Amino acid sequence: MYCIQFEMGMVFQIITLHTRSLYIRSGIENCPVSSMSHLPYVTVFYFKVIFFVQKGKETLGNMAGKPKLHYFNGRGRMETIRWLLSAAGIEFEEQFIQSKADLEKLKKDGLLLFQQVPMVEIDGMKLVQSRAILNYIAEKYNLCGKDIKQRALIDMYSEGAFDLCEMIMMLPWKYPDLKEREKETSAVLEKATGRYFPVFEKVLKDHGQDFLVGNQLSRADIQVLEVILATEEMKADVLSKFPLLQAFKARISNIPNIKKFLQPGSPRRPPPDEATVADGFKIFD
Ligand SMILES: N[C@@H](CCC(=O)N[C@@H](CS)C(=O)NCC(=O)O)C(=O)O
């Protein structure tokens with residue numbers, strides 16, 4: 001019905017304008033077709049135009065809407081994604097998986113390519129695989145450097161930080177026994193101070209710049225800061241032998257979007273306590 005009115009309104013409007021312009025061009029003063037004669041149709045036409053413009057705006061709004069994160073209410077494999085989006089100043093929504101049934105529903109609805117989370121709805125896609133999601137976000141928000149050489153460095157540093165982050169993240173899941181976990185925590189801290197932090201310290205020393213690569217913020221800076229803070233949660237003075245990393249931590253933490261993310265109430269998740277780990281086991285085991 002609306003369509004017919006819409007079409008009729010358009011047709012009559014065109015006929016009216018065309019007839020009037022013919023009379024005006026031929027120099028005849030009294031045109032028998034009044035611009036008001038099809039007012040009802042024209043009114044419907046304009047209402048329809050407004051309706052379609054609004055619909056279009058809604059559709060575009062949804063396409064460019066906030067990314068939606070699907071994961072459980074803990075750090076795990078989603079935390080670095082939260083970090084990157086927040087550092088880029090992007091607001092996002094979170095749909096927390098609270099039970100095995102929630103996860104099964106996502107699987108049954110065919111929303112998880114490999115039947116696993118994290119999953120991020122962004123730009124009309126349902127992205128899975130945490131590294132692929134991070135790559136997309138980093139690329140989209142210009143956190144990958146200026147050329148392929150910078151990108152290679154950024155990738156190496158980010159992957160190093162990611163490996164260390166993953167070791168820390170897995171501790172409570174792999175070692176539910178507290179004694180065993182303590183032992184493994186020491187081993188991870190040794191890796192942090194013996195393998196990873198010396199690399200980042202040396203990078204900063206060699207080029208003397210504020211950021212790890214190309215003197216501009218990249219995902220490497222964000223991921224290294226993330227892992228520094230996660231390591232400090234296990235051992236507060238872990239940076240004692242790394243003065244440049246201490247300064248780096250202070251500098252990067254002070255970048256406005258990152259500073260905001262580090263405030264209480266942000267989407268940053270706290271370190272997992274025993275209750276969070278138990279919830280995770282119920283969902284993913
Ligand atoms: N390589 C994947 C691993 C994802 C993964 O292991 N996800 C776990 C939760 S952290 C999961 O969904 N487990 C449920 C299952 O495998 O059925 C990634 O990095 O995203």
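Figure 1. With 12 C-beta neighbours inside 10 Å, Asp 123 counts as exposed, because a residue is called exposed if 12 or fewer other C-beta atoms lie within 10 Å of its own, buried if 20 or more do, and partly exposed in between, with the C-beta atoms placed from the backbone. This is a predicted model, in which local features need pLDDT of at least 70 and side-chain atom pairs count only at pLDDT 80 or more, whereas totals for chains, interfaces and linings use all residues. Residues are numbered from 1 along each chain as its sequence is written. Asp 123 is found in the loop between β3 and β4, where strands, like helices, are DSSP runs numbered from the N terminus (helices are H or I, at least four residues; strands are E, at least two). These two strands form a hairpin with 2 residues between them, and phi of Asp 123 is near 50°, a positive value in a residue other than glycine.

Figure 2. Strands of a sheet pair through backbone hydrogen bonds, either parallel or antiparallel.

**Figure 3. Bridges on both sides of strand β3.** Strand β3 (residues 119-122) runs antiparallel to β4, and 4 bridges join them; within this pair, Glu 121 has Lys 126 of β4 as its bridge partner, while Met 119 stands opposite Val 128 in β4. Strand β1 (residues 68-71) also pairs with β3 in the antiparallel sense, over 3 bridges, and here the bridge partner of His 70 is Met 119 in β3.

**Figure 4. Two loops with backbone features to look for.** Asn 142 lies in another loop, between α5 (130-140) and α6 (148-174), and has a phi near 60°, a positive value in a residue other than glycine. Asn 142 is partly exposed, with 13 other C-beta atoms within 10 Å.

**Figure 5. The buried side of helix α9.** In helix α9 (residues 243-253), the buried residues are Leu 245, Phe 248 and Ile 252. They cover an arc of only 55° around the axis, which puts them on the same side of α9; the arc is that of the directions from the helix axis to the C-beta atoms. An α-helix has 3.6 residues a turn, so residues three or four places apart point the same way. The face of α9 turned away from this buried side carries the exposed residues Pro 243 and Ala 250, and what covers the buried residues includes α7 (178-207), α8 (219-234) and α10 (256-261).

**Figure 6. The surroundings of Leu 245.** Leu 245 of helix α9 is buried, with 20 other C-beta atoms within 10 Å. Leaving aside its neighbours within four places in sequence, Leu 245 is in contact with Phe 197, Phe 200, Glu 201, Ile 228 and Leu 239, where contact means that the C-beta atoms of two residues, placed from the backbone, lie within 7 Å. Pro 198 is 47 residues away from Leu 245 along the chain, and the C-alpha atoms of these two residues are separated by 9.2 Å.

**Figure 7. Helices α7 and α8 where they cross.** The axes of α7 and α8 come within 11 Å and cross at roughly 145°. On the α7 side, the contact is made by Thr 185, Leu 189, Ala 192 and Phe 200, and on the α8 side by Val 224, Thr 231 and Met 234.

**Figure 8. The protein as a whole.** The secondary structure comes to 11 helices and 4 strands, and buried residues make up 27% of the 285 residues in the protein. The mean pLDDT is 88, and 78% of the residues reach 70 or more, pLDDT being the predictor's confidence in each residue, from 0 to 100.

Conventions:
Two strands pair if DSSP finds at least two bridges between them. Axes are lines fitted to C-alpha atoms, for helices over the stretch in contact, and angles run from 0 to 180 degrees between N-to-C directions.
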